[in-house]
Structures are given as structure tokens and as C-alpha cells.
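Reader: I have the sequence and the model open side by side. Could you walk me through the structure?

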Amino acid sequence: MTGAAGGPAIEDTISGLRARLDEARARRRRVGLVPTMGFLHAGHRSLMEHARSENDLVVVSIFVNPLQFNPGEDFDDYPRDLDHDLAVCAQAGADIAFAPAQQEMYPAPVATSVSIGPLSDVLCGASRPGHFDGVATVVAKLFSIVGECSAYFGEKDFQQLAIVERMAKDLSLPVRVVGCPTVREPDGLALSSRNAYLSAAERAQAPVLRRALQAGAAVVEAGETDGAVVEAEMAAVIAGASLARIDYAAAVDPATLARGRPLRGEVRLLVAVRFGRARLIDNLGCRAG
Ligand code: AMP
């Protein structure tokens, strides 16, 4: 089944979505889920296209999840544009856009929270305490609402992908989690809804994240096994951008996200950098030894 020519069906209730999906699965349709916070771009579209290629019914959720924002973060300002999002869903052939109101997802304060321990506390979790508990809780809720499916997440949010994979496994959720490659602008900047916050001068410097990762990977591939040296190299590249304020530059084991030393085998390099009010992240895989 492909998406309707007139665009996706819009569903804003949990019970309505469940009913549609149960009915589809009863007819042996494979369900693909793409969870998003909206303001959709080509990165989101690539996830939808991946889902489209592997499933009969593609659901895109569009929900800015308050649980994953800390006080003082950009929940209120987070860009929202449902008409635009529906057009992107239509282009990618999505069948259903699930766009619940906050009241539908959280009719009462949430007492239950999903926490993934050590994977959540490092890197972005260290700068945004509680953020990944909010992510894991809403994704668990979406997995519970959608039921058996394949769910597509971007490698751009590498820590989030690791956490969601671990959660699905630990809780035996009937969901196959699929990681998808990062989509970038021609100059290397990873697409992100938060790029909308960048001034022209900040936007011009933002590809420094990608350059720092590439410099770090070159050092690793030249034989460096001291993670601290690789991290210092990436930090030095970021320091060369006058408007950048580094949050972290890290070389980690991709399975545990631990800053292992010496570096061995597969290594993931990750950076987080603030430009004005935008906090941007990116990452790159490489191989040591
Ligand atoms: P968000 O709407 O930012 O919460 O992202 C929703 C999903 O899209 C997440 O799985 C992200 O990792 C993924 N995503 C965001 N940006 C990109 C990108 N540039 N390339 C690929 N996937 C992305």
C-alpha cells in the first residue's frame, strides 16, 4: 500500500491510530514508524523513504515532547509547521501522520519514566540532565501505541539511537529499531530543525562540527589510540570557529558510549557545539588499530 495521493491520513487520537494499525496487521501489513518532533526536512524524509521501502504502512509521528526539554530549553520556541510537515509526509509517501495534542499524550502528569542508566548519563545526557529519560519515555509510549513494527531513527542522534535500541531489547518490545545515515547540507552540516536558529554568520561557521569529526577520524586512522589526543584535536578545530562554544568532543566505544582508552576497533566520534541559541550535534564512525 502506498501513501494516498492526497497526502497522509491525519490521526490525532491514540485509539484511532491503534485501530487503524491493528486492522492493517490483521491483513498482514508490515508497519513502519518514523518518530519525529516535526519541522520536517530531508533527514526526516530519508527515514520515511527507508520505512516506505520496507513496509506496507508508514506512520510518521509528529509530537514535540515536553518531557525531553529541561526548564530554560527551547520547548516553547521549537519550530512547528504542521502544513509543511504534511507536505513532506506526502512527498515521501507516508500513509498516516500521527499528530496528537499534548493532552492526548499526557492527559495527566506522568509518574512512570523509562531510564536507561549509564547510556543516558554521558555526553548529551551530562549537559541535558533527564533529557534521555524523556526521550525513552515518549518512545516507549509510541512503541506501545503503534505495536509490532519497524521503527526508523537517524544516526545523527547517535546516543538516542543507542538508547532506543537498548530499551527495545531490555523491555522485549516488538519493535525492530533501524538506524539510518545522516543527511547533510552540501557543505557537510547535518540537517536539523534547530539549524533554523542560526544567524547567517553562525550558519557559515557551523560546518566546523563535520570538519572536527573528520580531523579526529584522520588522527585515529593514522594510528592514534589515545582518546584524549583525538578529543583534543577535535576541540582545537572547533576552537578555530569564533562563534562556536564547545559542549563536548568525545571518542567513545559505539556499544557502551564509554570513553575507552586505548581506542580499539570501531570508534564513534561525537561533538556538541553551541552557536548562539542553537545547540548542534554530529558524529562519525571510524576504526582504530
Ligand atoms: P527530531 O525531529 O529532530 O526529533 O528527529 C526525528 C528523527 O529524525 C530522529 O530519529 C533523528 O535522528 C532523525 N534525524 C534528524 N536529523 C537527521 C538527519 N540530518 N539525517 C538523518 N536523520 C535525521
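This is a predicted model: local features need pLDDT of at least 70, side-chain atom pairs count only at pLDDT 80 or more; totals for chains, interfaces and linings use all residues.

Reader: What is the order of the six strands in the open sheet with parallel pairing?

Author: Begin at the edges, where β1 (9-11) and β6 (175-180) each have a single partner strand, so one side of each lacks a neighbour in the sheet. From one strand to the next the twist averages 25°. Reading across this open, parallel sheet, the order is β1-β4-β3-β2-β5-β6.

Reader: In β4, which residue is the bridge partner of Ile10?

Author: β1 pairs with β4 (residues 96-98) in the parallel sense, over three bridges. In β4, the partner of Ile10 is Ala97.

Reader: Which helix packs on the sheet and touches β2, β3, β4, β5 and β6?

Author: Helix α1 (residues 14-26) lies across β1, β2 (31-36), β3 (57-62) and β4, and runs at about 145° to β4. The helix you ask about covers residues 131-146 and its direction makes about 155° with that of β2. That helix is α7.

Reader: Moving on to the three-strand sheet, which are the edge strands?

Author: This open sheet has the order β7-β8-β9 with antiparallel pairing. The edge strands pair on one side only, and they are β7 (244-252) and β9 (278-288).

Reader: At about what angle to β7 does helix α11 run?

Author: Eight bridges join β7 to β8 (residues 265-275). Helix α11 (residues 227-239) lies across both of these strands. Its angle to β7 is about 155°.

Reader: With which residue does the side chain of Arg268 meet in a salt bridge?

Author: You can find Arg268 in β8, where it is the bridge partner of Val252. Its side chain also takes part in a salt bridge, at 3.5 Å from N to O.

Reader: About how much area is buried between domain 1 and domain 2?

Author: The contact takes 21 residues from domain 1 and 18 residues from domain 2. Between the domains there are three salt bridges. Carbon and sulfur atoms give 57% of the buried area, which is about 1,700 Å².

Conventions: Residues are numbered from 1 along each chain as its sequence is written. Side-chain values use heavy atoms; hydrogens and water are left out. Two strands pair if DSSP finds at least two bridges between them. Helices (H or I, at least four residues) and strands (E, at least two) are DSSP runs, numbered from the N terminus. Contact means heavy atoms within 4.5 Å. Axes are lines fitted to C-alpha atoms, for helices over the stretch in contact, and angles run from 0 to 180 degrees between N-to-C directions. Buried area is the accessible area (1.4 Å probe) that two parts lose on being put together, summed over both. A salt bridge is a side-chain nitrogen of Lys or Arg within 4 Å of a carboxyl oxygen of Asp or Glu.
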